[in-house]
2 protein chains.
Amino acid sequence: MYTINEVATACNISAHTIRFYDKEGLLPFITRNSTRKRQFSEADLEVIKLICCLRNSGMQVKEIKQYIDLCMQGKETAPVRRELLIDHRKAILRQIDDYKKNLNIVDLKIAFYDSYIAAPHAGYDPMKFMLENKKS
Amino acid sequence: MYTINEVATACNISAHTIRFYDKEGLLPFITRNSTRKRQFSEADLEVIKLICCLRNSGMQVKEIKQYIDLCMQGKETAPVRRELLIDHRKAILRQIDDYKKNLNIVDLKIAFYDSYIAAPHAGYDPMKFMLENKKS
DNA sequence: GTAGCACTTAGAGTTCAATCTAAGTCAAAT
DNA sequence: ATTTGACTTAGATTGAACTCTAAGTGCTAC
């Protein structure tokens, strides 16, 4: 069994956050020891790691709660849970795509600075356009 | 010249948000017409599009403000601005990488559900492990 | 046994980024 | 001329996700 701090370290979150998740109903499965302190099994740790994965990939706490609630309802909800994860998978792919598009724009801007610094008075180009082209 | 709503539509944000960015000092360059209404040039629009790109790729408003402040200081800050964008570029790459890692975990979980739904009592496997393996 | 520390709780506070509200201005349309 | 509607402002509110506080409990080491 792990303590709250061991889990916190393993998952790279704070003990505060674990208690917050518990309060939000994300950890209905954890048990307490004789002195009412939370104790975490290997299985609990794995679940919390998945929760962190979902959070870190942009799923909201309340959506994660829905997933956990489904888990607690039993194995007949497995197909629904699978659908939920497939939807989230699509959301992750969208995010990656958005980030890549923004990366392209930033790269163009960096390329502008490269040429601008080399030759500050280079001619106008829509993709280089920024405050350089304004009278301040 | 564009109105605030035209810019909002073009950038896929609200007029509220544009005023908020202005209040936060992100738009020190915009001018007003005779009736004190904001008017946006093509150059302004391009800057706001870059601001949206930076925001959408995770840069905080106050960091964007630093970038804009540098822009307003004149062309001698171009190298610093370039460095700032290169740092942000790294941040975007980190984000993409994190998302990809989380995508892998979600994919493994979906694969677990695929096999689990096909044969609910398949043997234990650490990567499939979740609430299925707990006594509720 | 008592000092120190890690834990517990409910609930308050913080931060970020909007988003909304209320009160008011302005110009065109009826 | 008055109504409509879009704009303006400062400042309040929202919502998400923590993060901290205060008060208290209980184990361990001296």
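1. Surface of chain A. Accessible areas here come from the Shrake-Rupley method with a 1.4 Å probe. On that basis chain A exposes about 7,600 Å², and 51% of this belongs to carbon and sulfur atoms. Note that this is a predicted model. Of the 136 residues of chain A, 41% count as buried.

2. Fold of chain A. The chain has five helices and two strands. Along the sequence they run α-α-β-β-α-α-α. Take the contacts in chain A between residues at least 6 apart in sequence: 45% of them join residues at least 24 apart.

3. The interface. Chain A and chain B bury about 4,500 Å² between them. Carbon and sulfur atoms carry 75% of that area. Each side is made of 50 residues, from chain A and from chain B. The rule finds eight residue pairs in polar contact across the interface. On the chain A side, helix 3 (42-56), helix 4 (61-73) and helix 5 (78-118) each supply at least two residues. Helix 5 of chain A gives the largest share, 25 residues.

4. Salt bridges between the chains. Four of the salt bridges found by the rule cross the interface of chain A and chain B. One of them links D107(A) to R89(B), with the closest N and O atoms 2.4 Å apart. Another salt bridge joins D114(B) and R82(A), at 2.4 Å from N to O. D114(B) lies in helix 5 (residues 78-118) of chain B and R82(A) in helix 5 of chain A, so this pair joins two chains. D114(B) is partly exposed at 35% relative accessible area. R82(A) is also partly exposed, at 22%.

5. The pair R82(B) and D114(A). Their side chains form a salt bridge, 2.4 Å from N to O. The pair crosses between chains, from helix 5 of chain B to helix 5 of chain A. R82(B) is partly exposed, with a relative accessible area of 22%. D114(A) is partly exposed too, at 36%.

6. A salt bridge inside one helix. K101(A) and D97(A) pair at 3.2 Å, N to O. They sit four residues apart in helix 5 of chain A, so about one helical turn separates them. D97(A) counts as partly exposed, at 37% relative accessibility.

7. D22(A) is in helix 2 (residues 15-23) of chain A. Its relative accessibility is 18%, so D22(A) counts as buried. Leaving out residues up to four places away in sequence, D22(A) touches L27(A), I30(A), R32(A) and R38(A). D22(A), R32(A) and R38(A) are linked in a network of salt bridges.

8. N56(B) is in helix 3 (residues 42-56) of chain B. It is exposed, with a relative accessible area of 53%. Beyond residues up to four places away in sequence, N56(B) touches Y99(A) and N102(A).

9. C11(A) is in none, and the nearest cysteine sulfur, that of C52(A), is 4.7 Å away. C11(A) is buried at 11% relative accessibility. In chain B, the sulfur of C53(B) is 8.8 Å from the closest cysteine sulfur, in C52(B), and therefore too far for a bond. C53(B) is buried, with a relative accessible area of 3%.

Key: Residues are numbered from 1 along each chain as its sequence is written. Chains are lettered from A and ligands numbered from 1 in the order in which they are written. This is a predicted model: local features need pLDDT of at least 70, side-chain atom pairs count only at pLDDT 80 or more; totals for chains, interfaces and linings use all residues. Side-chain values use heavy atoms; hydrogens and water are left out. Buried means under 20% relative accessible area, exposed over 50%, partly exposed in between (1.4 Å probe, protein chains only). Contact means heavy atoms within 4.5 Å. A disulfide is a pair of cysteine sulfur atoms within 2.5 Å. Buried area is the accessible area (1.4 Å probe) that two parts lose on being put together, summed over both. A polar contact is a pair of N or O atoms within 3.5 Å; within protein, one must be able to donate a hydrogen and the other to accept it, and residues adjacent in sequence count only if both atoms are side-chain atoms.
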